[in-house]
Amino acid sequence: MENGRIARISGPVIEARGMLGASINEVVRVGREGLIGEVIRLNKDMATIQVYEETSGLMPGEPVEGTGKPLSLELGPGLLGSVYDGIQRPLETVRQKSGDFIARGTEAPALDRKKKWRFKPLAKNGEQVKAGQIIGTVQESKEISHKILVPPHTEGKISDLKEGDFSVEETIAKIDGKPIKLMQEWPVKKKRPYLEKLPPSELLTTGQRVIDFLFPVPKGGTASIPGPFGSGKTVVQQQLAKWADAEIIVYVGCGERGNEMTEVLTQFPKLVDPKTGRPLMERTVLIANTSNMPVAAREASIYTGITIAEYYRDQGFNVALMADSTSRWAEALREVSSRLEEMPGEEGYPAYLGTRLAEFYERAGRVKALSGKIGSVSAIGAVSPPGGDFSEPVTQNTLRTVKVFWGLDSSLSERRHFPSINWLSSYSLYIEQTGKWLAEHVSKGWPKAREKTMALLKKEAELLEVVQIIGPDALPPKERVALEIARMVREDFLQQSAYHEVDTFCPLEKQLGMIETILFLEEQASTLEFPDAKRISELESVQRISRMKALPIGEFKKEMKSVRDRIEIEFAELKKRELLAKKGGGVAK
Amino acid sequence: MIKEYNTIERIAGPLVFVKNTKNVMYQETVQVKMPDSSIKNGQVLEVTEDTAVIQVFEGTSGIDVKKSKVRFLEETLKLRVSEEMLGRVFSGLGKPIDGGPEIIGEKELDINGSPINPTSRDNPGDFIQTGISAIDGMDTLVRGQKLPIFSGAGLPHNRLAAQIARQATVLGEKEKFAIVFAAMGVTHEEANFFREEFEKTGALEKVVMFLNYADDPAIERIITPRIALTAAEFLAFDKDMQVLVILTDMTNYCEALREISSAREEVPGRRGYPGYMYTNLATIYERAGRIKGKKGSITQLPILSMPDDDKTHPIPDNTGYITEGQIVLSRPMHMAGIYPPIDVRPSLSRLMNHGIGPEKTREDHAGVSNQLYAAYAEGMDKKDLVAVVGEEALTERDRQYLKFADLFEKNFVNQGYEENRPIHETLDIAWGLFKTIPERELKRIDEKHIRKYLKGEKTAEKEKQAKAKKPRK
């Protein structure tokens with residue numbers, strides 16, 4: 001393909017002739033500035049190319065050159081703490097080169113070429129090694145010991161393996177004479193191989209009550225958060241990125257707001273991982289394609305994210321990937337598809353939307369890696385349905401694949417009930433597995449408490465329908481108490497402030513303690529014959545329950561005990577009154 | 001050498017198809033010379049080896065196939081910018097229309113701009129006091145934010161925007177500020193309203209106006225916001241100014257976008273708007289923010305009218321997904337005589353938490369705001385209930401909330417067009433409202449603050465009175 005030339009330009013899609021020899025998904029350099037593009041269709045010597053950068057100013061006749069490689073990532077030490085664009089250009093380096101505004105055609109290697117890493121071999125010279133096997137480690141951050149894996153499709157006898165300080169490009173060993181470096185490449189659109197997929201079982205603790213307690217996701221699970229704008233998708237995603245107990249977090253800002261990326265960038269270095277005491281940024285890789293960055297790179301950003309996640313999974317880590325938002329990715333697919341003049345499917349999306357979404361989520365999971373280690377990728381995707389209508393193609397196709405659905409509800413967010421996850425429409429298909437794990441690791445009472453809580457909330461929904469018709473005054477006293485208790489569950493338990501320094505992360509033990517206190521109160525209330533909802537709502541214990549969120553775990557434990565005692569005393573008092581009233585023949589007043 | 005072609009092949013809607021072209025750039029600027037030698041401006045939309053598709057901003061009427069000529073100007077659209085632009089009025093394409101001289105630019109900038117590198121952005125965090133309780137108290141605006149007003153035909157969005165432009169200040173600071181005003185398809189009357197408002201407050205020499213009137217060519221509207229933002233970027237990041245950009249009406253912009261898309265026979269998305277409208281709007285809205293190490297900032301206040309007051313219409317919908325919140329105006333509130341008729345429930349400011357708190361506004365701000373939302377939502381629920389079961393069937397608690405919602409609209413949201421309420425006053429009004437519901441219901445507020453502001457209310461009351469006595473300008 002020596003004389004590839006641009007023939008047509010229309011937005012992010014161009015056509016070039018003289019491209020015989022190019023292959024589908026091959027990366028090409030477009031125009032005099034060498035913009036990065038990818039071949040997406042071939043017709044004899046005509047190639048259709050999506051360009052990952054702004055195309056204005058390009059001219060027909062400008063050269064197009066093939067690189068012979070599909071879009072690939074550099075994988076190696078130095079990924080953690082970095083901020084990349086959709087095609088893995090380090091934005092910090094781009095900034096040093098081209099200033100505060102992103103100039104196109106800026107080239108920068110994804111991994112720092114100068115930095116030296118201390119490499120410690122684990123394999124022995126002369127040993128037979130296979131692809132994916134661990135041959136040594138590099139301490140990437142204080143907590144993360146980066147495993148150096150034999151690159152894909154490589155096996156043989158290892159030699160010249162030595163300890164020392166290396167840059168990512170220097171040879172650390174040879175396998176059958178072929179030099180091995182700390183860094184390897186992998187095409188983004190291909191899933192990385194593993195030995196075997198394992199069923200997820202362990203809970204991904206997020207510290208968010210409505211998630212952990214009601215709709216949990218395990219390590220290696222998939223979840224989606226659809227919601228109209230303003231319902232708090234991004235806050236939930238960021239909360240998960242902050243507090244989920246994965247060792248590595250990959251956060252993909254796909255077609256979202258620039259200021260949100262800045263928020264992550266300014267907050268994460270300051271926030272501390274509750275498990276390790278290290279800054280959160282040290283375990284995070286950020287992929288930022290803001291909504292005004294080129295649309296084709298948006299399509300790539302999701303794959304870039306999941307490939308990095310798989311790479312750490314293969315080293316035996318639990319990785320959590322957040323993609324905000326997969327709808328923007330789907331729209332990028334749609335835009336390119338319409339420029340290709342493909343026959344549109346539902347709402348203009350290409351017919352292969354469902355397949356692509358399924359392929360993406362299938363790359364998540366808990367696996368036995370080639371190295372023999374067990375690692376996992378949990379994938380959590382936000383969906384932004386137009387008009388908040390969940391019947392649209394992206395939401396529906398996503399739900400067909402993922403196992404956890406956190407449906408955000410604008411009627412909740414409008415009253416500032418956050419996280420605004422609707423407890424009636426959301427679901428998790430992992431309840432059984434995580435329930436087992438929780439019963440074993442936290443408390444036997446967990447599954448039962450969850451069941452009871454769900455029953456209370458369902459009952460409330462039914463009662464509220466009745467209230468809509470006959471008014472609250474017409475309800476029998478017991479049902480009015482049920483409403484009061486459900487209100488406590490909603491306001492004092494499910495509601496959680498992301499901005500409160502204590503409440504932002506709620507340990508599992510505290511979650512259970514809080515709900516068990518409310519359930520204990522409910523139990524006590526059900527022993528009354530003529531309960532009075534108003535009197536109950538004014539009890540001191542009820543007031544104290546509503547303040548428990550803000551207590552750190554230590555104080556909380558003390559308070560919980562004392563509140564339980566208080567509940568007992570107060571209800572004993574109420575019962576006594578009931579008895580007295582009965583004897584007196586009047587109604588308790 | 002500038003090429004001139006007389007090979008127009010086809011004209012369809014706003015598009016002109018030229019054949020036998022050579023070396024034409026994608027998005028190159030074009031001039032069409034008509035038979036009467038008048039000139040129209042345009043831009044290349046699509047280009048192949050020998051044809052170019054051009055969108056003509058001023059409309060294609062009068063262009064013919066035989067005599068009209070097309071000149072390709074060998075550059076993408078640029079705007080000459082300078083500080084001299086302040087106080088001037090330009091057309092939607094950036095030509096002076098106030099009778100003044102052309103701008104001799106300090107710089108020539110591509111009107112499409114470039115995305116700000118996310119690592120260069122500075123987190124917006126300075127509270128802007130607009131003096132409007134519903135905004136300051138519950139949907140706080142901060143510097144560098146993009147916060148649209150979702151309105152509808154006949155609602156007072158222009159008054160609200162003008163009031164914000166007049167009153168907006170950052171507490172305790174005196175800095176260079178400027179207003180960039182871009183009008184797309186507005187009536188002369190509306191444009192004059194803004195002009196007079198700016199004049200009244202003496203801000204006119206700080207304003208740059210770009211006006212595309214309702215009777216100006218629709219396609220020009222594609223360019224107007226981009227030109228305005230290019231000027232704003234220059235003033236903010238080269239000249240260290242705090243720039244407030246008002247864009248009105250984005251609905252007209254989107255309609256122009258749809259017109260071009262349908263002329264190009266593209267696959268339509270929802271309601272005929274192109275599938276790339278989200279990305280396209282993002283290239284406008286994302287041009288707000290702050291940059292590390294620079295003093296200036298761009299705060300955007302786009303106005304859009306929701307067709308049929310429908311928030312799920314593609315224009316408000318796509319906007320809401322890009323901007324950092326929205327201020328939603330409500331027709332029922334407007335009918336009830338409340339000004340500004342801001343419905344706080346669907347309104348939101350995503351950056352609010354960065355701009356409020358002890359050192360920025362007041363320690364109780366976050367709690368008060370949350371409590372107001374919760375209590376007002378509860379009250380509005382009861383309003384619906386009353387419609388069905390009547391007020392008698394309500395409990396005492398329900399009736400308290402019902403009353404709260406009414407008072408909230410009357411005392412908190414409602415205020416004068418000339419009334420500039422300091423944030424402390426806004427918060428104190430809220431505490432006044434909280435007295436009407438039982439104290440134990442105030443779950444969203446820190447106990448410390450309840451003790452200080454609700455129980456120690458005498459001092460707060462006194463402060464308020466003291467403030468009220470001060471004459472307002």
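Q: Two strands count as paired once DSSP finds at least two bridges between them. What makes strand β1 of chain A and strand β5 of chain B a pair?

A: In this predicted model, two bridges join β1 (residues 4-10) of chain A to β5 (residues 39-48) of chain B. The threshold is at least two, so the strands pair. They run antiparallel. Within β5(B), Arg8(A) has Thr48(B) as its bridge partner.

Q: Why is the link between Arg8(A) and Glu46(B) called a salt bridge?

A: The closest N and O atoms of Arg8(A) and Glu46(B) are 2.8 Å apart. The cut-off is 4 Å, from a side-chain nitrogen of Lys or Arg to a carboxyl oxygen of Asp or Glu. The pair is an Arg and a Glu within that limit, so the name applies. The rule finds ten salt bridges across the interface of chain B and chain A.

Q: How do you know that chain B and chain A touch?

A: Contact requires heavy atoms within 4.5 Å. By that test, 83 residues of chain B are in contact with 81 residues of chain A, so the two chains touch. Between them they bury about 6,900 Å², with 51% of it on carbon and sulfur atoms. On the side of chain B, Tyr26(B), Tyr321(B) and Lys443(B) lose the most area to chain A, together 11% of what that side buries.

Q: Which helix of chain B gives the most residues to the side that touches chain A?

A: First the contacts: 39 residue pairs, both at pLDDT 80 or more, are in polar contact across this interface. Helix α10 (residues 365-389) of chain B gives the most to its side, with eight residues. By class, that side of chain B has 33 nonpolar, 22 polar and 28 charged residues.

Q: How do you know that domain 3 of chain A and domain 4 of chain A are in contact?

A: Chain A is divided into domain 1 (4-70), domain 2 (83-100 + 109-187), domain 3 (196-426) and domain 4 (446-584). The C-alpha centres of domains 3 and 4 of chain A are 34 Å apart. Contact is judged on heavy atoms within 4.5 Å. Here 20 residues of domain 3 are in contact with 25 residues of domain 4, so the domains meet. They bury about 2,100 Å² between them, 64% of it on carbon and sulfur atoms. Arg209(A), Phe213(A) and Trp423(A) supply 41% of the area that domain 3 buries against domain 4, more than any other three residues.

Q: What makes Asp503(A) and Arg209(A) a salt bridge?

A: Their side chains meet at 3.1 Å, N to O. That is within the 4 Å limit for an Arg nitrogen and an Asp carboxyl oxygen, so the pair qualifies. The count between domain 3 and domain 4 of chain A is one salt bridge. The count of residue pairs in polar contact, both at pLDDT 80 or more, is 14. From α2(A) comes the largest share of the side of domain 3 that touches domain 4, five residues. That side divides into eleven nonpolar, six polar and three charged residues.

Q: Why are β13 and β15 of chain B called edge strands?

A: The open sheet has three strands in the order β13-β12-β15 (chain B), with antiparallel pairing. β13 (141-142) and β15 (169-170) of chain B each pair on one side only. Strand β12 (residues 127-129) of chain B pairs with β15(B) over two bridges. Gln129(B) has Thr169(B) as its bridge partner in β15(B).

Conventions: Residues numbered from 1 in each chain as written. Chains lettered and ligands numbered in written order. Predicted model: local features only at pLDDT ≥ 70, side-chain atom pairs only at ≥ 80, totals over all residues. Heavy atoms only, no water. Buried area = accessible area lost by both parts, 1.4 Å probe. Polar contact = N/O pair within 3.5 Å; in protein donor to acceptor, adjacent residues only side chain to side chain. Helix = DSSP H or I, 4+ residues; strand = E, 2+ residues; numbered from the N terminus. Nonpolar A, V, L, I, M, F, W, Y, C, P; charged D, E, K, R; others polar. Domains from an automatic or database assignment.
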